[in-house]
Amino acid sequence: MSDLKAQIQGIRDAFNQALGQVEGLKGLEELRNHYLGRKRGIIKDLLTDLRSAPKELRPELGQAVNRLKQAVEAGLSEKLEALKSNVSSSKEDGIDLTLPGIAPELGSLHPLNIVNRDLIRIFERMGYEVAGASEIETDFYNFEALGLTKDHPARDMQDTFYVSDEVVLRTHTSNVQIHLMQEKKPPFKAIMPGRVYRKDADITHSPMFHQVEGLVVGEDITFTDLKGTLEHFLKKLFGSDTKMRLRPSYFPFTEPSAEVDVTCIMCGGKGCRVCKNSGWLEILGAGMVDPVVFQNVGYDPETVSGFAFGLGVERVAMLKYGISDIRMFFDNDLRFLSQFN
Ligand code: DAH
């Protein structure tokens, strides 16, 4: 029955060749079924054939079939290990581990937060503390204590949301000045970021926006201190080539008051559409704290002096990033927001 022996050898050779060509787990499973399948596997057939072999040859042939079966099993499990550790060959399972992964989307800071943090950091480095107060405010803190008495015409400068006759949504961060001065003794320096509200909405105005207020109080604080501080601040914010100019202005809580301009950050001062060909951009309001305000918080205006300033965060962000519509900040469109990483 050397016939059967030759057949066994042939099967072994064919198996080894097929095994070498298997590329994935699916192919390996097919090969296993082909050789070891219980119903129609090749080895099962061999065992059936064995029954019709001459009796005296059966033990030897039986051993040969067993060795073949062991070799096939060993070959299959060796290949299985090899496939598992070889990532590139698992494509047949519908999973291709060599493909690039799906990266989690990373969030980013809102442009207003970026600018807000920049502003605060510049003043923190100059030793300013950060202070805040409520966005829902009494008429006293938002207006009266700042020199805006009930019938003061300057109240028209800010379109106010009234909660009641005596309670408003604060129209500026200047209310924090009053709280701070009531709580502290001079000297101190503080920067006060926060949300403010005005009944105003168009392409450059939003009913809710952000301001950063500054206040320095002590003895012998002069207009020169104000000028030097703002110049340093604006150079840090917009670059060291930035120039600053002060224009006389009016605020009920400062005297004298100034409107502060910087050289246009778009054209460097040559004149362009953004600065309406003037070369200058209005960036903040400032002044020496009005003695009336000191009186209102119980300070002695004869011994205490100080300066204050306030600026809009949206305005700075719009200029810095060249954004022409303020509503972009609040639309929550990720295509817009993810550009500021
Ligand atoms: N509160 C002013 C506004 O909202 C901005 C401002 C101007 C604040 C001058 C100040 C200041 O502290 O001194 O328009």
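Asn277 is exposed, with a relative accessible area of 60% (exposed means over 50%, buried under 20% and partly exposed in between, using a 1.4 Å probe and protein chains only). Its phi is positive, about 65°, even though Asn277 is not a glycine. You'll find Asn277 in the loop between E7 and E8; helices (H or I, at least four residues) and strands (E, at least two) are DSSP runs, numbered from the N terminus.

Asp220 is another non-glycine with a positive phi, about 60°. It's in the loop between E5 and helix H8 (223-238), and Asp220 is exposed too, at 67% relative accessible area.

## A word on the model

This is a predicted model, where local features need pLDDT of at least 70 and side-chain atom pairs count only at pLDDT 80 or more, while totals for chains, interfaces and linings use all residues. Residues are numbered from 1 along each chain as its sequence is written, and side-chain values use heavy atoms, leaving out hydrogens and water.

## Cis peptide bonds

Most residues other than glycine have a negative phi, and most peptide bonds are trans. The bond from Pro186 to Pro187 is cis, though, with omega near 5°. Pro187 lies in the loop between H7 and strand E4 (188-197).

Glu255 and Pro256 are also joined by a cis peptide bond, with omega about -5°. Pro256 belongs to strand E7 (residues 254-263).

## Around the ligand

The ligand has 16 residues around it, and the closest are His172, Ser174, Arg198, Gln211 and Glu213 (to count, a residue needs a heavy atom within 4 Å). For the side chain of Glu213, the distance from a ligand oxygen to an N or O atom is 2.6 Å.

A polar backbone atom of Ala308 is 3.2 Å from an oxygen of the ligand. Helix H7 (174-183) and strands E5 (208-218), E8 (280-289) and E9 (305-312) each give two or more residues to the shell around the ligand.

## Buried spots

Which residues of helix H3 (residues 42-51) are buried? They are Ile43, Leu46 and Leu50. These residues cover an arc of only 50° around the axis, so they sit on the same side of H3 (the arc is that of the directions from the helix axis to the C-beta atoms).

Over in helix H7 there's Asn175, which counts as buried because its relative accessibility is 0%. A polar atom of the Asn175 side chain lies 3.3 Å from the backbone oxygen of Ser134.

Methods:
A polar contact is a pair of N or O atoms within 3.5 Å; within protein, one must be able to donate a hydrogen and the other to accept it, and residues adjacent in sequence count only if both atoms are side-chain atoms.
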